[in-house]
Amino acid sequence: MSGPPPPGFIPPQSGYPQGGYPPPQGAYPGAGQGFYPGGPPAGGFGYPGDPTAYNQAGVYGSGATAGMQPGYNNFGDDSMSGGNKFDFTDKTIRNGFIRKVYGILFVQLTVTFAFITLFTFHDGTKQYVRQNPALWWVSLVVMLVCLITMACCGDVRRKAPMNFIFLGLFTLAESFLLGCAVATFRAEEVMLAVGICTVVTLGLTLFAFQTKIDFTMMGGVLFAATLILLIFGIVLMFWNGKIATLIYASFGALIFSVYIIYDTQIMLGGNHKYSISPEEYIFAALNLYLDIVNLFLYILTIVATASRD
């Protein structure tokens with residue numbers, strides 16, 4: 001009987017291809033005896049291109065990864081062990097997306113508020129716009145072209161800097177049109193509407209963040225309500241009255257209040273049924289901006305109508 005196997009002896013394992021095994025001379029350091037004396041090197045032999053394979057230079061990896069030290073990935077970060085060191089979860093991506101959307105929205109609202117303030121308190125601006133009505137029509141065309149382009153062309157609203165250019169032009173044109181609209185109201189009415197709209201928007205946003213009710217399933221209901229609002233507005237063009245105007249403006253403010261919750265929850269994602277892609281940060285900011293602008297206009301209509309005889 002032969003004695004016990006020498007230290008480091010590893011018998012052939014089942015499942016290994018017996019033909020051609022062990023590897024030919026030079027396949028790995030010390031090959032040729034059939035088994036590597038003292039056992040295989042730490043990390044195993046691996047397959048060609050395996051980043052954990054031990055090569056003849058005594059380092060891990062081969063090709064582009066050769067020479068990398070154990071515990072490092074392609075980014076050179078050793079903060080974590082294992083393969084998934086940059087595990088960006090959906091929550092992390094979504095939080096960055098939300099910050100980007102609100103950053104863009106803040107800039108849009110700041111520009112719009114500046115236009116509203118200018119048209120409300122500066123008489124020279126009001127007079128200049130009245131003398132040059134072509135500016136209103138140019139702004140209307142620019143606003144519609146940018147809005148339709150961003151809504152219908154996904155590549156335009158997803159690729160920078162084109163998406164920021166179109167959104168910037170849209171914001172300037174919309175702000176100018178909004179300034180022309182508020183110029184017909186008294187300054188105290190405009191500022192009261194701004195204050196009410198700010199408080200309502202903040203409250204609705206906090207509610208959308210906290211509530212367990214899923215408003216993202218209300219898209220069809222909101223579309224039907226918006227269609228009714230549109231027909232109601234057409235009727236008011238021919239039959240106008242204080243009570244009818246108050247009802248119309250209140251109904252519009254209610255619809256766009258729900259729209260703010262709806263678009264906020266679609267942006268949040270998470271446990272909601274529907275969510276928007278993180279690539280659509282321009283589209284998400286555009287939706288919320290239009291919701292807030294429309295809410296402001298309906299609140300302004302309510303304030304102005306209620307304060308006048």
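This is a predicted model: local features need pLDDT of at least 70, side-chain atom pairs count only at pLDDT 80 or more; totals for chains, interfaces and linings use all residues.
1. Annotated spans. The UniProt record, an unreviewed entry, assigns the annotation "transmembrane region" to residues 101-122, 134-152, 164-184, 190-209, 221-239, 245-262 and 282-306. Two of these spans may be compared with the model's secondary structure. Residues 190-209 are 100% helix and 0% strand, with the end C-alpha atoms 29 Å apart. Residues 282-306 are likewise 100% helix and 0% strand, and here the end C-alpha atoms are 36 Å apart.

2. Pocket volume and centre. The largest pocket has a volume of about 570 Å³. Its lining comprises 21 residues, and those nearest the centre are Leu 109, Cys 197, Thr 198, Thr 201 and Ile 292.

3. Origin of the lining. Helices α1 (90-121), α6 (187-210), α8 (242-268) and α9 (281-307) each contribute at least two residues to the lining of the largest pocket. The largest share, 8 residues, is supplied by α1.

4. Of the residues that line the largest pocket, 15 are nonpolar and 6 are polar, while no charged residue is present.

5. Packing of α7 and α8. Two packed helices are described by the angle between their axes and the distance between the axes. For α7 (residues 219-236) and α8, the axes come within 10 Å and cross at roughly 155°. Angles over 145 degrees count as roughly antiparallel, and α7 and α8 are therefore roughly antiparallel to each other. The crossing of this pair is left-handed.

Conventions:
Residues are numbered from 1 along each chain as its sequence is written. Side-chain values use heavy atoms; hydrogens and water are left out. UniProt positions are given in the numbering used here, feature names are shortened, and annotations may be inferred rather than shown by experiment. Helices (H or I, at least four residues) and strands (E, at least two) are DSSP runs, numbered from the N terminus. On a 1 Å grid over the protein atoms alone, a cavity is a set of points where a 1.4 Å probe fits but cannot get out, and a pocket is an open set with protein on both sides within 12 Å along at least five of seven lines; lining residues have an atom within 4 Å of a point. Grid points are joined across faces, edges and corners, and a volume is the space filled by probe spheres set on the points. Ala, Val, Leu, Ile, Met, Phe, Trp, Tyr, Cys and Pro count as nonpolar, Asp, Glu, Lys and Arg as charged, and the others, Gly among them, as polar. Axes are lines fitted to C-alpha atoms, for helices over the stretch in contact, and angles run from 0 to 180 degrees between N-to-C directions. Angles under 35 degrees count as roughly parallel, over 145 as roughly antiparallel, 65 to 115 as roughly perpendicular and the rest as oblique. A crossing is left-handed if the near helix is turned anticlockwise from the far one by less than a right angle, and right-handed if clockwise.
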